[in-house]
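Biologist: Before we discuss the packing and a few single residues, could you put the sequence and the structure up for us both to look at?

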Amino acid sequence: MTAHRGRSGPGAPGGPVAFEAAVAAVREVRLRPELVLAEVPAPARIAPFSWAVAGDVVVGGDELATGRFILLHDPSAPQEWGGEFRVVTYARADLEAELGADPLLGQVGWSWLEDGLANAGAGATGVGGTVTRVLSEGYGALADRPASVDVELRASWTPLDPDGVAAHLRAWGELVCTVAGLPPLPEGVASLGLRTR
């Protein structure tokens, strides 16, 4: 697993040391076994340092949801971030058409993110994003295909505690599993570990 290294280089004050510690912490996070993760190339132009992981919720061989978690680090603490770290996330799943017709779907989707952050103890500031739904209906040769709704949640935020970035990966993991329709794990039940591709 690799992280993008920016121009500041190893040993820069408040830079790579803090970033590498955060990456090491998120790599140790244990998520639900249904969420299969793989490190992927992170965007190199958004911040001097970045790390990314993609995840798919797979149950019985079926992919129920997909998402991405990107950790950005800029030692200059950009004013629009309000800190040195920024998390950028994405989660997408196909829903039944009836669920997509619910006028409250956007609010419900956003509450999944807020609940994930709260449940993981991931304090954040500057939380913002969108919930988008797309209705797909088949016509002509595809008229027999049932209508479906694709819901996509994109969000970003600044962790309040840079040393607690791992909680933010747990929050994202809960979000992706919720979007997939998985019930929450019962109180006191821990996941068995992290599966990677």
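Biologist: At what angle do helix α1 and helix α4 pack, and is their arrangement parallel or oblique?
Modeller: This is a predicted model, in which local features need pLDDT of at least 70 and side-chain atom pairs count only at pLDDT 80 or more, while totals for chains, interfaces and linings use all residues. Residues are numbered from 1 along each chain as its sequence is written, and side-chain values use heavy atoms, with hydrogens and water left out. Helix α1 (residues 16-27) and helix α4 (residues 165-179) have axes 8 Å apart and pack at about 40°. Because angles under 35 degrees count as roughly parallel, over 145 as roughly antiparallel, 65 to 115 as roughly perpendicular and the rest as oblique, α1 is oblique to α4.

Biologist: Which residues make the contact of α1 with α4, and how many of them are nonpolar?
Modeller: Contact here means heavy atoms within 4.5 Å, and α1 contributes Ala22, Ala25 and Val26, whereas α4 contributes Val165, Ala166 and Leu169. Ala, Val, Leu, Ile, Met, Phe, Trp, Tyr, Cys and Pro count as nonpolar, Asp, Glu, Lys and Arg as charged, and the others, Gly among them, as polar. By class, the contact of α1 with α4 has no polar and no charged residues, and the nonpolar ones number six.

Biologist: How do the axes of α3 and α4 cross, and how many charged residues does the contact of α3 with α4 hold?
Modeller: The axes of helix α3 (residues 105-120) and α4 come within 8 Å and cross at roughly 140°, and the two helices are therefore oblique to each other. Residues of α3 in the contact include Trp112, Asp115 and Leu117, and those of α4 include His168, Arg170 and Glu174. The residues of this contact divide into eight nonpolar and four polar, and the charged ones number three.

Biologist: Is Asp56 buried or exposed, and which side chain does the side chain of Asp56 join in a polar contact?
Modeller: Asp56 lies in strand β2 (residues 49-59). With a relative accessible area of 13%, Asp56 is buried, since buried means under 20%, exposed over 50% and partly exposed in between, using a 1.4 Å probe and protein chains only. A polar contact of 2.6 Å joins the side chain of Asp56 to that of Thr66.

Biologist: Where is Ala44 found, and how far apart in space are Ala44 and Leu72?
Modeller: Ala44 is found in the loop between β1 (35-40) and β2, where its relative accessible area of 45% makes it partly exposed. Ala44 and Leu72 are 28 residues apart in sequence, and their C-alpha to C-alpha distance is 9.5 Å.

Conventions. Axes are lines fitted to C-alpha atoms, for helices over the stretch in contact, and angles run from 0 to 180 degrees between N-to-C directions. Helices (H or I, at least four residues) and strands (E, at least two) are DSSP runs, numbered from the N terminus. A polar contact is a pair of N or O atoms within 3.5 Å; within protein, one must be able to donate a hydrogen and the other to accept it, and residues adjacent in sequence count only if both atoms are side-chain atoms.
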